[in-house]
Amino acid sequence: MPIFPLPQFEADLEEDRKLYESLKPPTSIVVRFGVLKMIGEFPYDGDAKPGCGSKLVVRTHRGTEIGEMLTSTCPNAGCSKSITRKQMLEYIENSGGKEYPFFNQGRVLRVATTEDLNEQARLEASKRDLVNVARNEAKELGLPIKIVEAEPLLGGERVTFYFTSEDRVDFRDLVTRLAGHVRTRVEMRQIGARDEARVAADYEKCGQHCCCKQFLKVLKPVSMKSAKTQKATLDPLKISGRCGRLMCCLRYEDQTYTELQKRLPKRKWRVETSEGPGTVIDGQILTQLVLVRLDRDGTDIAVPVEEITVLGPPLPPGQQPRPAAPAAAPGGGQGTAPASGQQRPRRDGAGGAAPSERRSGRGGGDRREGRERRDGCDGRDGPQRERDGRRPPRPEGPSAASHDRGPDAAGGAGDRGPATPGEGQPARKRRRRRRRRGSAPGGEGGGSGGGGGDGGGPGPAPSEN
């Protein structure tokens, strides 16, 4: 069936021809060359106007070889999709910086002709034989290496053999033997597992070309932490690439996951939600949702991270969350009054004197003053016990205990009402306390509680003046 050109297509072709003729040849071309897909920017002074994807013959630091045009760094190019040099340098800086395989020592000789492409196809077909020869020679020499690929150049300046090995190998004898086979210069280059996948692998399990072969130039290490952060499976068979290492794509979103994870509260931390306080159980990084277990009923709810307030770290083991504070009493008091029939706790000692009164000596007065009142001293003469050498008699009756502690203590006890049957025992308690303090056998010891005793034995006999 004959094909007739349509007028519309002919018109479009005429417009493209005029646009191509109006362009000038590029002066600087970015080229990709070599098995490892190295990048170079080389000057060009030819008359042809190559476009993106055109095959070029370039002279690099290795020799004359075939390269592929990626773009041009001048404002006027054959494909009209050129980039500026600033954009190219920014791309290189973001893609690895100094580690990026970028070269500028070279030159674009010409656009590849049919003869050049045929010669390159013949060299590509001879790679398999070169690899087999190198493997046999390495096996005869007993070298623990694996020959991966052979790369002959278009100009015949050298043949590069890529190999992998666990240790450093002395391959000088191997180079001598290979040079006798290929009749040119031989270069041995050791590569790693990722570079091996870049040279030999084709497709990955995702269905796309391997990233290291397609566009990645700097192969940075990938840690298991990235897989844990992204909550990927930890099965090595599922997260490993063709090289046997962790897949490079785990590093693409690692920074985004890390930034989003910093916004989520940690597990078991205390947070406040619109439903009440609770404890963080889990969180979802991409959706920014936090699973919180409420304190009131133990219900698990999902709350956006914007609607929670972090209260602090988790509670110590065994400590329960503090309940909400009760409402204040209607009368304005801070606490609640004891129920009817419930007595307040009593402190040790009879008389019920307040702690401040017992410490300060019966009602807050001076201890010596309280002692003088108890012993019948008028404040000017010595105590009656020192004048006649004996202790004044103690009054008998229910008020004996209060009399022994002074009028202030008795009054303090009387303010609460009549004494209970158990309040006649403080005297024995005072004697036990004096014995614990180590009083002398003949002395009277210190006084009880806050009354303050005379201390020690009786003083010397008064003079009869």
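In the predicted model, six arginines gather in a patch of positive charge on the surface: Arg428, Arg431, Arg432, Arg435, Arg436 and Arg437. One of these, Arg432, lies in helix α16, which covers residues 426-436. Arg432 has a relative accessible area of 37% and is partly exposed, because a residue is called exposed over 50% and buried under 20%.

Salt bridges were then examined. Side chains of opposite charge can pair when their charged atoms come close. A search of the whole structure gives 19 salt bridges. In one of them, Lys127 pairs with Glu124, and the closest N and O atoms are 3.0 Å apart. The relative accessibility of Lys127 is 12%, so this residue counts as buried. Glu124, in contrast, is partly exposed, with a relative accessible area of 39%.

A salt bridge also links Glu196 with Lys146, where the closest N and O atoms are 2.9 Å apart. Because Glu196 belongs to helix α6 (residues 193-200) and Lys146 to strand β7 (residues 146-152), the pair ties together parts that are 50 residues apart in sequence. Lys146 is partly exposed, at 43% relative accessibility.

Glu306 and Arg263 form a further salt bridge, with 3.3 Å between the closest N and O atoms. Both residues are found in loops: Glu306 in the loop between β13 (300-304) and β14 (309-312), and Arg263 in the loop between α10 (254-262) and β10. The pair therefore ties together parts that are 43 residues apart in sequence. Glu306 counts as exposed, at 56% relative accessibility, whereas Arg263 counts as partly exposed, at 45%. Elsewhere, Arg62, Glu65 and Glu151 are linked in a network of salt bridges.

The pairing of strands was considered next. Six strands form an open sheet in the order β5-β2-β1-β4-β3-β6, and the pairing within this sheet is mixed. Strands β5 (102-103) and β6 (107-111) stand at the edges. Each of these two has a single partner strand, so one side of each is left without a neighbour in the sheet. Strand β6 pairs with strand β3 (residues 55-59) in the antiparallel sense, over four bridges. Within this pairing, Val58 stands opposite Val108 in β6. In a regular strand the side chains alternate between the two faces of the sheet.

Strand β10 (residues 270-273) and strand β11 (residues 276-284) run antiparallel and are joined by four bridges. Arg270 has Thr279 in β11 as its bridge partner.

The hairpin of β11 and β12 has four residues between the strands. In this hairpin, Gln288 takes a positive phi near 55 degrees.

Technical notes: Residues are numbered from 1 along each chain as its sequence is written. This is a predicted model: local features need pLDDT of at least 70, side-chain atom pairs count only at pLDDT 80 or more; totals for chains, interfaces and linings use all residues. Side-chain values use heavy atoms; hydrogens and water are left out. Patches are made of residues with over 30% relative accessible area and no salt bridge: like charges are joined within 9 Å, nonpolar side chains (Val, Leu, Ile, Met, Phe, Trp, Tyr) within 5 Å. Accessible areas come from the Shrake-Rupley method with a 1.4 Å probe; for residues, only the protein chains shown count as cover. A salt bridge is a side-chain nitrogen of Lys or Arg within 4 Å of a carboxyl oxygen of Asp or Glu. Lys and Arg count as positive and Asp and Glu as negative; His and the chain ends are not counted. The place of a charge is taken as NZ of Lys, CZ of Arg, CG of Asp or CD of Glu. Buried means under 20% relative accessible area, exposed over 50%, partly exposed in between (1.4 Å probe, protein chains only). Two strands pair if DSSP finds at least two bridges between them.
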